[in-house]
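Trainee: I am new to this structure and would like to know what the terms used for it rest on. Could we go through them one by one?

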Amino acid sequence: MASSSEMLSLSFFLFLTVSQPQAKTFQPKALLLPVTKDSSLQQYTTQIKQRTPLVPIKLTIDVGGNFMWVKCEKGYVSSSYRYVPCGSKICKISRSGACVVKCPPPHRPGCNDNACSHFSYNPYTRISTLGEMAADAVLIQSTDGRSSGPMVFVPGLVFSCTFRSPSLLKGLSSGAEGIAGLGRSLVSLPSLFASAFKFQRIFAMCLSSSSQSNGVIIFGDGPYEFQPKKEVSKSLMYTPLVRNPKSTRRYYSKDDPSTDYFIRLTSIKINGRAVPLNMSLLHINEEGKGGTKISTFDPYTVMESSIFMAVLKVFMEETKGVTRVPSVKPFQYCISSKNLGSTRVGPPVPTIDLGLHHKSVSWRIFGANSMVQLKDDVLCLGFVDGGLNPRTSVVIGGHQLEDNLLQFDLVKRRLGFTSSLLYMQTTCTNFNFTSSV
């Protein structure tokens, strides 16, 4: 947990690194980023405006990512760019494990002497390279939680500027220039925006199931209103966020805590029927293995083999009256959707309840999130076998998150969730991006 002095140092750095005045004084209560689904790669992207003069930057979203990183080698030009010096407070707060003492001239963004450095990591290819910690100007939309508001200016938002690896962008959505990290870190976007504008370290994420319309990320507390005037934050249920004391990412010190968001899964029920589980796999051990986390990197929920096979067995038994068809990789159970019909919350298949920290709290997964439509008449159970010894036992992937509102509260250390917004007759695409001013 961040100390008050750390947050003060971070806030001081954000506002004094760049001495460029704001064009308009406005204190937002929350900020807004549109989220687009790349269906071809099952990734979620956003766009920010960065630098002086401003340039639109497309980024792939990593909900557990440590910080924002941007590939800088192709003509990064900005009069407001400032690198973070080694040994500075912000460098220490960022948990940097490296320092570039000398960088071959000419000095430029991403290459300066005595610069604080971090490994910029691409989770899709597992490629990592050293990047220079820096700060630059960012323009972002404000919101009142109901519609978009005035654009606001952050004079120096911290990020990692990297140029040393030509293949670092491989595997990312076309046109993406880096990754927007939203994880449990003092230099992730939720922490930086909260520090810059003095609101609480809370953000909400609502991923669209359609590549044709945007979902949304809101930095700051609610309300979270979706058309037609559905104030969905009233429907949030909460479960504690669990801290994994060991990093679940590559290229970080083994003593660094994980920046991923873990929750305590205690049971799985299908149509109310309990799935037999090895409970020890649901706990995080001393080596940081096990447990359950949220991921935008994994397109579908991934489960340790024994958990997956137990879920598959019960689900198949509960759908034994449905016509089975040949499976399609990476899925192992597919059915015919001919004559199956539909409901408000997707295909009429058994509900899957993820039991959490208390018997009264469960996350219900309906057909729209449990099943994947591969062809006009083929539906597959959207869960994947993760093998016998994965680092994390259950990873709740992007498909299961779509059209669910999730609130990550870093102050109270809890996750809020709504289950499917389809049940409330709205979706993540129904946020009003029209400005109210």
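Mentor: Start with a term: a residue is buried when its relative accessible area is under 20%. The model here is a predicted one.

Trainee: What makes helix 3 mostly covered?

Mentor: Helix 3 spans residues 189–197, and nine of its nine residues fall under that cut-off of 20%. They are L189, P190, S191, L192, F193, A194, S195, A196 and F197. Just after helix 3 comes K198, with a positive phi of about 60°.

Trainee: Why is S295 called buried?

Mentor: Its relative accessibility is 6%, and the limit is 20%, so S295 counts as buried. S295 sits in the loop that runs between strand 19 (292–294) and strand 20 (301–303).

Trainee: What does S295 touch, leaving aside its neighbours within four places in sequence?

Mentor: S295 is in contact with V63, V395, I396, G397, G398 and L401.

Trainee: How do you know that the side chain of S295 and the backbone nitrogen of F297 make a polar contact?

Mentor: A polar atom of the S295 side chain lies 3.0 Å from the backbone nitrogen of F297. The limit for a polar contact is 3.5 Å, so the distance of 3.0 Å qualifies.

Trainee: How do you know that strand 17 and strand 18 pair?

Mentor: Pairing needs at least two bridges. Strand 17 (residues 267–270) and strand 18 have two bridges in the antiparallel sense, so they count as a pair. Across this pair, K269 stands opposite A274 in strand 18. Helix 4 (residues 305–318) packs on the sheet and touches strand 17, strand 18 and strand 23 (352–355). The direction of helix 4 makes about 20° with that of strand 17.

Trainee: What makes the sheet open, and which strands stand at its edges?

Mentor: The four strands run in the order 18-17-23-24, with antiparallel pairing. Strand 18 (273–274) and strand 24 (362–365) each have a single partner strand, so one side of each has no neighbour in the sheet. These two strands are therefore the edges.

Trainee: How many cavities of 30 Å³ or more does a search of the whole structure find?

Mentor: The search finds two. The second largest cavity has a volume of about 30 Å³.

Trainee: Why is that space called a cavity?

Mentor: The term applies because a 1.4 Å probe fits there but cannot get out. The second largest cavity is lined by T301, M303, L354, I365, F383, V394 and I396. Strand 20 and strand 28 (394–396) are the elements that give two or more residues to this lining.

Conventions: Residues numbered from 1 in each chain as written. Predicted model: local features only at pLDDT ≥ 70, side-chain atom pairs only at ≥ 80, totals over all residues. Heavy atoms only, no water. Buried < 20%, exposed > 50% of the residue type's maximum accessible area, 1.4 Å probe, protein only. Polar contact = N/O pair within 3.5 Å; in protein donor to acceptor, adjacent residues only side chain to side chain. Contact = heavy atoms within 4.5 Å. Axes fitted to C-alpha atoms, helices over the stretch in contact; angles between N-to-C directions. 1 Å grid on protein atoms, 1.4 Å probe; cavity = no way out; pocket = protein on both sides within 12 Å on 5 of 7 lines; lining within 4 Å. Points joined across faces, edges and corners; volume = space filled by probe spheres on them.
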